[in-house]
Amino acid sequence: MADGKSSLESAHEASESDRCPVEEVALVVPEMDDTTVPVMTFRAWFLGLTSCTILIFLNTFFIYRSQPLIISAILMQIAVLPIGKFMASALPKTEYRVFGRRFSLNPGPFNIKEHVIITIFANCGVSPGGGDAYSIGAVTVMKGFYRQRLSFWCSLIMVLTSQLLGYGWAGMLRRYLVDPVEMWWPANVAQVSLFRALHEKDPKSQGLTRMRFFLLTFGASFVYYAFPGYLFKVLSFFSIVCFIWPKSITAQQVGSGYQGLGVGAFTFDWAGISAYHGNPLVAPWASIVNVGVGFVTFIYIVVPLCYWQFNTFDAHNFPIFSKKLFRADGHTYDTTKILTPQFDLNEAAYHSYGKLYLAPLFALSIGSGFLRFTATLTHVALFHGRDIWIQSRSAIHGAKLDIHGRLMQAYKQVPEWWFLILLVGSAVMSLVMSFVWKQDVQLPWWGFLFAFALASIVTLPIGVIQATTNQHTGYDIIAQFLFGYVLPGKPMANLLFKIYGRISTVHALSFLSDLKLGHYMKIPPRCMYTAQLVGTVVAGIVNLGVSWWMLENIENICDVDALPPDSPWTCPKFQVTFDMSVIWGLIGPRRMFGPGGMYRNLVWLFLIGALLPIPIWVLSKIYPDKKWIPLINIPVITSGCAGMPPATPTNIASWLVTGTVFNYFIFRFRKGWWQKYNYVLSAALDAGTAFMGVLLFLLLQNQGYELKWWGNEVDHCPLASCPTAPGIVVKGCPVFK
């Protein structure tokens, strides 16, 4: 541990000029540190590894079910606090000498830095947005959907190298995405607020303490989630329009919150509000506005025009909103009819069976991904390119630091070569896999190198967007699109390319976010490195072990046609992963988006996306006093339709309304309340929902106790999924003449 300075001394060294220029950070993150506080204690190791193992076990188990449940690390963040305090009171305080250093099972009171490092361990048990390692999706699709015989050791290398590769990227990009004060990672401010609420005591004269407020709102959230989670599930997708016009297909297409455009629909389920764009209480107001502009433009203007006015892509033959794949006659597409025994495309069978079609909103959402990808590159080059160039030349040495950067200089830094070893080692092991299990993975060695090159290009610009707006502008579609052109007809190769070219970036950004949390909470960098590395390896092994056991021992898992009607093992999340492997890998983008393809005009959005940020940048230079102009963020605007499907318009609309209430009205008119309680409230809502979700699953849903009544029939809009073209016959839908 570095030479200790008391928190008081550190605080006195801070001047007004040192303060972080980001107001949300300055209001919440403490500007002091005590370097003598122990961090990597026995308690931290024990509770950290236990939390990581439990979380990844539960998330892996739940993700295969018809009602998947993602348990966030906040569950363990709350649960370990009383256990840590108990260990501090019960463990012996005897000191031992180990390799010449003093060691004690109980170095003193359970402190906030131990709590943070335990949470860092726990975060390794929850992949961002998914609950498990993304590479498990590929393993599941290969074994559960394509019924491929896959080596366990090949799968283990796939899981570990994809995550450690991301950690390597994170280490190389720290100087750009962690150290600069402008890269503030908004979601971490909520974490800091929760840690302070749990460990600091507010003076009673200041009203309700943050801890008491947390407990009250946690209890309310816990009790309330029993309704949308079990008793009254219609609250998850409450569609007013469908009650007014129960027999109108058009009205239900417009008003359905689950299978339509969601006009007049709302979700009263916190899990649904925060499911796809993250917690709305931690999103900056400028980000919410940008997402709102994109959402309104896409859902209320573009999609209706394309569907009702122009019948774009033969839209009337299909539901307006669906994640399924279709034939021209409106029926679902059976991919088994176009596969060879080697899991390649049987071209003769494909030409005989027919082309693949998408629901109109699904197709347009893919097009928005094209636009978002090039817009991100242009936006970051114009608005942040100069700063990135300066930081590249100076490696940030001599750059101005805020108080948090100055305080972190008291600790030994992690040498860059530590991360470089992980980066190079993961790349080498991935290449070995491409030779040893060539038939299984289908991805040749040059495909892996292509994936590494893509990740090295896009991780930084996408990280800048996420670190400043809390919006993740993914490029899943682009990675699969590019490689689908390069090597069509091979779905496994496309899946692997996505993992190493795109998902390694997702893991990198998750690690970078945690590094920024450690920066704010003054965790020694070498402790962060150790916790993230060990947690990642443990989580990967447990993740694959649980998944492999389930795939081997649950009969017909993920095969909806072969499973009993009431089976919970339908794997809805991985169904989407499978569908994308068909679109981009098996059939390939050339047939769908190339010359003569149904969706060829969507490719123009690559060019449009590259051009859109330019006028915004020009205006910001012409009118430098107009501070609102640079806040117009084209990549974030286009993320207003990101993730649909599986996200629904109702999920995003509810996110926008909730974020506006708290981060505009309350932030503007009740700033004192917002400063003290906003992030605590966000954590309490997450925790209460997670705890009740686990309880409902274990006690009721897992035992088969389901309530069947009107209030649990989600959406009440059965006609929303019907086609409207004349002559299309689909079961349960009227036929138009």
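Predicted model: local features only at pLDDT ≥ 70, side-chain atom pairs only at ≥ 80, totals over all residues.
**Cavities, core and a helix pair**

The lining of the second largest cavity is made up of six nonpolar residues, two charged residues and no polar ones. The residues that line the second largest cavity are Tyr 350, Lys 355, Leu 356, Tyr 357, Arg 591, Met 592, Met 598 and Tyr 599. Lysine and arginine count as charged, so Lys 355 and Arg 591 are the two charged residues of this lining. The space in the second largest cavity amounts to about 50 Å³. Over the whole structure, four cavities of 30 Å³ or more were found.

The largest nonpolar core comprises 193 residues, and the members that touch the most others are Tyr 64, Met 158, Phe 370, Met 433 and Tyr 500. The greatest contribution to this core, 14 residues, comes from helix α23, which spans residues 491-520. A separate core holds eleven residues, including Ile 71, Ala 73, Met 76 and Val 694. When neighbours within four places in sequence are set aside, Met 158 is in contact with Ser 135, Ala 138, Val 139, Met 142, Met 433, Leu 496, Ile 499 and Tyr 500.

Helix α22 (residues 476-486) and helix α25 (residues 572-587) have axes that come within 8 Å of each other and cross at roughly 35°. On the α22 side, the residues that meet α25 are Ile 477, Gln 480, Phe 481 and Gly 484. Their counterparts in α25 are Met 580, Ser 581 and Trp 584. Four residues of this contact are nonpolar and three are polar, while none is charged.

Methods:
Residues numbered from 1 in each chain as written. Heavy atoms only, no water. Core = buried A, V, L, I, M, F, W, Y, C linked by side-chain atoms within 4.5 Å. Buried < 20%, exposed > 50% of the residue type's maximum accessible area, 1.4 Å probe, protein only. Helix = DSSP H or I, 4+ residues; strand = E, 2+ residues; numbered from the N terminus. Contact = heavy atoms within 4.5 Å. Axes fitted to C-alpha atoms, helices over the stretch in contact; angles between N-to-C directions. 1 Å grid on protein atoms, 1.4 Å probe; cavity = no way out; pocket = protein on both sides within 12 Å on 5 of 7 lines; lining within 4 Å. Points joined across faces, edges and corners; volume = space filled by probe spheres on them.
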